[in-house]
Amino acid sequence: MSSTDEQFAGLRKGLLEFAILTIVSGRTVYVGDILATLAPTPFATQEGTLYPLLSKLRREELVDYQWVESGQGPPRKYYQLTDKGAGRLAELAAYWRHLTTTLEGLGR
Amino acid sequence: MERVVTINLNGNSYQLEEPAYDALRAYITRAQGALAANPDQAEIIRDLEQAIADKCGGYLSPGKTVVSATEMTRILEEMGPVEGASENEAPRAESTSSASGEGPRRRLYRVKDRAVISGVCSGIGAYFDLDPNVIRLLFILAALFTSGFVIVVYIILMFAIPSAHTSEEWAAAHGVPFNAQEIIDRAKREYGKFAEDSSKSWRREERVWRRQWREQQRSWNAGFSSWDGGARAQSPAKPVGYAERIFAGLFAFVFSVVTAALLIAFLIALFSFWTTGQLMGWEAPADTPMWLVLVIICIVYGAIATPFAALRRTSYATLNGRRDVGVTDDFITIVIAALVAWFAWVYVPEARLLMEQSYVVVRDFITHWTN
């Protein structure tokens, strides 16, 4: 398992953006939610990676955030998918399906 | 006892132990470096600080108001290394390998936060996953059975084993994975690249730094110690390697012993000549005045001792990298002088004779002076 982990690190890293867009598409979430959702999956990640990636996605206008007061502590940034982001996600999903069917087809 | 630093993370104040503060500052500095090209650098840093603040809050309660170094290490591990430009698809095999399976390289460091004397025993304990008290007991027993010889071994270890200043080193001492290692490795790689690209300008930088360091040393030697000055001298942050520090430690020890022995020999020679007119059976030529011989002894001592003292200082500087050298340096010299004298007294009969003689010399000198 650990060697698989290591081998495919690059692959997962490339797909992390896809995973985050998927999470954000379902509901409005803050960073804690994203980390918790990803933690049990192979995409488990850390703040140090997530914040720069979210800021890049926001710069590309794929996600947006708004400040929401939380019960305890300071207000939090809640992220949601923009229309452009929804478009990109659909593209990615279609491309991913295309890749997997191609790979399956090659084996035959 | 640890000094506490109060910091402001996004408008809330937190109290951190000093090593925890150092680790946090190093983490943020590295994050800023990794995000240097990022237009949202400031915002990401604010987000990271807020996340760290939230995590700190998890360790605090009305009964516990200070975040410890261990807790900060854990928090920064949870945070993980800050990725630079995400377009840059750097392979991450290293970090995953340290996160899973074989674990990081374990290294022997002195661990000061659980130290009784200098952290040698707690460092060895951390290395072998043993209670430091067990190691301490073994050391004391060994010292008793070898009639003090192990004390010398301990002192050598005290010099040879670098102490864990940063959380990374602390983690390496305990064999705990520390994800920021990746950042350090990257920083080192970048430093290598940078050194290749601009070795000339680097060398110029280094010369400036060396000069600053020498000035700093001088001001330390004058009894003035300033943390800010230390931080400035440290700024180009050329890392001193582990092996380098071990060698520096051993040299520091050897040179300390040599300078201490020279000092004792010089004092004995001076007094014995002053009073008996001869030095270990050697007499000055009859027509040479006493004061000239004494001056010559002083000059010879200076000529022999100065290079050793300089070597010792350099060793200490390398050993400590940036820590305050001046005061501890002189203190350690006195301690070592005492120890060398003690060992000479116990194990070298000639030296003992000399010392007994010099006692008589000093006594006679004082009676002569007071009468």
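Select helices α4(A) and α2(B) together: in this predicted model, their crossing is right-handed.

On the α4(A) side, pick Glu47(A), Gly48(A), Tyr51(A), Pro52(A), Ser55(A) and Arg58(A). Facing them from α2(B) are Glu43(B), Ile44(B), Asp47(B), Leu48(B), Ala51(B) and Lys55(B). Coloured by type, the residues of this contact divide into five nonpolar, two polar and five charged.

Next, stay within chain A and select helix α2 (residues 9–26) and helix α3 (residues 31–38). Their axes are 11 Å apart, at an angle of about 115°, and the crossing of α2(A) and α3(A) is right-handed. From α2(A), display Leu16(A), Ala19(A), Ile20(A), Ile23(A) and Val24(A). They meet Ile34(A), Thr37(A) and Leu38(A) in α3(A). This contact divides into seven nonpolar residues, one polar and no charged.

Then colour chain B by pLDDT. The chain has a mean of 72, with 67% of its residues at 70 or more. Select helix α3 (residues 69–79) of chain B, where confidence is highest in the chain, at 88. Helix α4 (residues 93–99) of chain B has the lowest, at a mean of 38.

Two further selections in chain B are residues 86–103, where pLDDT stays under 50, and residues 223–238, where pLDDT also stays under 50. For residues 86–103 the model has 21 contacts beyond four places in sequence.

Finally, zoom out to the complex, which the predictor gives an ipTM of 0.84 and a pTM of 0.41.

Methods. Residues are numbered from 1 along each chain as its sequence is written. Chains are lettered from A and ligands numbered from 1 in the order in which they are written. This is a predicted model: local features need pLDDT of at least 70, side-chain atom pairs count only at pLDDT 80 or more; totals for chains, interfaces and linings use all residues. Side-chain values use heavy atoms; hydrogens and water are left out. pLDDT is the predictor's confidence in each residue, from 0 to 100. Helices (H or I, at least four residues) and strands (E, at least two) are DSSP runs, numbered from the N terminus. Contact means heavy atoms within 4.5 Å. A crossing is left-handed if the near helix is turned anticlockwise from the far one by less than a right angle, and right-handed if clockwise. Ala, Val, Leu, Ile, Met, Phe, Trp, Tyr, Cys and Pro count as nonpolar, Asp, Glu, Lys and Arg as charged, and the others, Gly among them, as polar. Axes are lines fitted to C-alpha atoms, for helices over the stretch in contact, and angles run from 0 to 180 degrees between N-to-C directions.
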